[in-house]
Amino acid sequence: MRILSNSKKNIVCLSSWYPSEKQPFLGNFIQRQIELLGTKYAIQFVQTLAVADQKTIEVTHVICNNYTEITATYPAVRSKLLKKYYQTKALKKALQTILQPDLLLTYIFLPKIWQFLLLKKQLNIPWIHIEQGSYFRKEIQSNWNILQRFWIKKAYQQVDTLLAASDFLARDMKVVDSTRTIKHVKNHIDTKLFSYKAKEIRSITHFLHVSTLDKHTKNPKGMFDAMHLLSETTTAFLFTIVSDEPTHEWESYVTKLGIAKNVRFIAPQKWEQLPAFYHEADAFILNSVYETFSIVLAEAWATGTPTISTSVGIAFNAPEFLGLHVESNNTESLAAALLTFIATKDQYDTAKISDYAQQYNAELVLTELESEIDQLITT
């Protein structure tokens with residue numbers, strides 16, 4: 001391990017979610033936060049990756065936007081025991097190449113929590129963890145295995161500052177240890193990119209949804225079923241889906257429901273291409289059974305787009321002027337909200353909605369993060 005000859009304080013980061021070739025959108029919001037922190041701190045992001053046909057452990061350093069990405073690759077194996085062995089060796093080899101850090105910063109406990117604990121032991125430096133995982137919801141917590149429970153309880157004891165992406169998530173994280181202080185820190189969006197634009201008055205109401213369409217959390221079936229119910233009253237609507245996962249199953253489903261003419265599926269989009277879809281939409285729909293934050297809500301509000309959402313993530317206890325709240329797992333509730341919105345869409349103060357979202361701009365979120373970090377890093 002080398003000593004950093006830089007005026008910036010040095011932070012070593014790890015995350016259970018991070019974009020890769022196979023999953024380019026996984027944890028992209030975490031990558032953006034690491035880039036943001038890199039404007040104030042010297043950031044080294046460490047990850048371990050299995051590579052087929054590789055015989056040895058190799059460590060590479062890549063200079064990214066505002067931070068250094070350190071990747072330790074190891075031979076891909078089927079044995080879980082051997083995989084853990086290689087991951088441990090790879091992580092320790094990566095540590096030998098890093099600059100001496102002042103702070104350990106981690107994101108999302110599972111499944112890499114054991115790596116976080118290993119680094120805490122190896123480095124013996126202050127540790128901040130920012131949680132974004134949906135596995136803290138009650139029905140998932142009850143299915144944690146013994147090892148997961150042990151690791152998370154141990155992490156709760158050893159982490160110096162425990163942060164949650166929303167008050168909604170912090171509430172569920174308290175179940176592990178009701179005495180543990182869990183603070184709230186926001187994710188950021190680019191409020192210059194997701195800028196305000198007044199809505200056009202149109203006879204056809206445009207609804208938008210952006211997500212992976214994950215069946216376990218996003219409840220896409222409920223959205224399409226609600227659109228089917230809506231079509232029995234009016235067909236003057238268009239529902240646009242932007243998804244970074246295959247949509248063939250849902251394209252077949254909307255055809256079966258007879259609403260294919262009212263639904264369009266859009267291929268994965270780059271971040272800078274998304275604002276145009278929000279600007280075109282009259283309302284954004286979030287029908288999730290669980291969200292820890294939901295970047296798309298903040299993006300929608302920043303563009304002045306009202307939302308029709310379940311009370312999850314940052315929509316939990318959100319002001320009424322932002323849009324309509326619907327019951328989770330209730331198709332009729334969503335369908336009724338869609339009808340209500342169509343009748344009242346011209347009553348929303350879209351400029352006020354955009355003003356509300358400015359709390360998620362990069363500068364304000366960076367200030368919040370700096371406050372937590374600088375309390376632990378000695379000068």
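**Notebook: two helix pairs**

I looked up who touches whom: Lys84, Gln87, Thr88, Leu91, Lys92 and Leu95 in H2 meet Trp114, Gln115, Leu118, Leu119, Gln122 and Leu123 in H3 (contact means heavy atoms within 4.5 Å). By class, I got six nonpolar, four polar and two charged residues for this contact (Ala, Val, Leu, Ile, Met, Phe, Trp, Tyr, Cys and Pro count as nonpolar, Asp, Glu, Lys and Arg as charged, the others, Gly among them, as polar).

A note on the source: this is a predicted model, where local features need pLDDT of at least 70 and side-chain atom pairs count only at pLDDT 80 or more, while totals for chains, interfaces and linings use all residues. Residues are numbered from 1 along each chain as its sequence is written, and side-chain values use heavy atoms, leaving out hydrogens and water.

Next I checked the geometry. H2 (residues 80-95) and H3 (residues 113-123) pack at about 40 degrees, with axes 11 Å apart (helices are DSSP runs of H or I, at least four residues, numbered from the N terminus; axes are lines fitted to C-alpha atoms over the stretch in contact, and angles run from 0 to 180 degrees between N-to-C directions). H2 and H3 are therefore oblique to each other (under 35 degrees is roughly parallel, over 145 roughly antiparallel, 65 to 115 roughly perpendicular, the rest oblique). Their crossing is right-handed (the near helix is turned clockwise from the far one by less than a right angle).

Then I moved to H7 (residues 220-231) and H11 (residues 331-344), whose axes come within 8 Å and cross at roughly 55 degrees. That makes H7 oblique to H11. The H7 and H11 crossing is right-handed, and I sorted the contact residues into 10 nonpolar, two polar and two charged.
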